[in-house]
Amino acid sequence: MDDGLRLLRAARHTVTGPAALLGDPRLRARAAEYLTDLTRPYGLRVPDGLFDAPPGALGQSYGEMAAELIPAVVPPDEPVDLLVLAFAVHDMLPGRATAAYLSHVCPGTPMSFALCDQGSAAAFTGLRIAREYGCRRALLVTVEQAVLPYDAAVPVPARHRAVAMLYGALADHSAHRGGDATGDTARPGDNGATGGDSDCQAGGPERTGLGDGARVTALRQRADVGTGDVAALAAAEVRELTAGRTDVAVVLGADLAAAWPGHSGDAVTTGPARQPSTGLWWALLDRLAEDAARPRPVVAADYEPGLGYLSVVALEPAGRSEPVGERGAHERAQPLVGLRGADGDPDPGAW
């Protein structure tokens, strides 16, 4: 797409302290009642006295986690048009309209909404919507917290984490002011095939150095992908997007890496385990920061095994004349892959 998006800034945070809102006894009582009512029809039980524990032993507020990241990526004089909050595990205050709250604290008071029930595919869907929305600047925030007050069918994330990524339209040259002149710093993780898991627990949000940014040149989502098919499909996607080039880095989510064990090498980074919402993006920021001095194309992909979604995004360093995965003008009207029907997710035809 000629007016696609460029990743301008990014920040992330591992949260270790308690959620401030859960320090209010009234909110704790309301949250306990609300969660008890929601879980009862499903045979789940919120333990008695759970909310009598210290706030630090409970979960997080996504409103607080995301609000702390917003100032790190969105200056007051660069208003945002669209804000998307992506998550899989709900927070400890699920009755709160978190996306609406974040619109209130984000410069520009953007149109905002939340995406859930798509697992690790949610952030990809949010990015796809941002491309179609036609905005000058879009903020994508993906969050996850490590506590649920009842027994879940799947493991909860290992840590409370949030990643915020500011994207700007390629046509809006004023959206980015010459790379990292504002003083972005990077703390890259391990560069190997097993992937890094760099931490930033101290000092609040960490901004990631991205040089001049990266263009989103391809974004694809496949639905109904079984575990027996995902390795071959992922290999085909990466092969097509890299087109035989040897200078392309690959970033895989932990679930995709587990389902595709044969894909490894020095140019492959794998996200941390048990971080289904943030892990891929955390590792992608590590990769981009590692390569900031000598930028190269990156293909990032993840797999949501419970729902059968395979998601892939290709990014090219800003300014390159031959972006990886970009389609010719005669190809842009053609569908890339087969998706669910109109009543399913991802939304067919929205690219």
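What volume does the second largest cavity have? In this predicted model, the second largest cavity comes to about 40 Å³, and the structure holds 2 cavities of 30 Å³ or more. Its lining is made up of Leu82, Val84, Gly126, Leu127, Ala130, Ala138, Leu139, Leu140 and Tyr167, and the elements that contribute two or more residues to that lining are S2, H4 and strand S4, which covers 137–144. By residue class, the lining of the second largest cavity splits into 8 nonpolar and 1 polar, with no charged residue.

Let me turn to the aromatic rings, where a pair is described by the distance of the centres and the angle of the planes. The count here is 2 aromatic pairs. In one of them, tyrosine 62 and phenylalanine 87 have ring centres 5.6 Å apart and planes at 50°, so the pair is tilted. Because tyrosine 62 belongs to helix H2 (residues 62–73) and phenylalanine 87 to strand S2 (residues 82–87), this pair ties together parts that are 25 residues apart in sequence. Tyrosine 62 and phenylalanine 87 are both buried.

For phenylalanine 124 and tryptophan 281, the ring centres lie 4.8 Å apart with the planes at 50°, so this pair is tilted. Here the link is between distant parts of the chain, with phenylalanine 124 in helix H4 (residues 122–133) and tryptophan 281 in helix H7 (residues 279–290), 157 residues apart. Phenylalanine 124 and tryptophan 281 are both buried.

Finally, there are charges over rings to mention. Arginine 96 lies over the face of tyrosine 101, at 4.1 Å from the ring centre, while the charged end of arginine 161 sits over the ring of tryptophan 282, at 3.8 Å from its centre.

Methods. Residues numbered from 1 in each chain as written. Predicted model: local features only at pLDDT ≥ 70, side-chain atom pairs only at ≥ 80, totals over all residues. Heavy atoms only, no water. Phe/Tyr/Trp six-rings, centres within 6.5 Å; stacked < 30°, edge-to-face > 60°. Helix = DSSP H or I, 4+ residues; strand = E, 2+ residues; numbered from the N terminus. Buried < 20%, exposed > 50% of the residue type's maximum accessible area, 1.4 Å probe, protein only. Lys NZ or Arg CZ within 6 Å of the ring centre and 35° of its normal. 1 Å grid on protein atoms, 1.4 Å probe; cavity = no way out; pocket = protein on both sides within 12 Å on 5 of 7 lines; lining within 4 Å. Points joined across faces, edges and corners; volume = space filled by probe spheres on them. Nonpolar A, V, L, I, M, F, W, Y, C, P; charged D, E, K, R; others polar.
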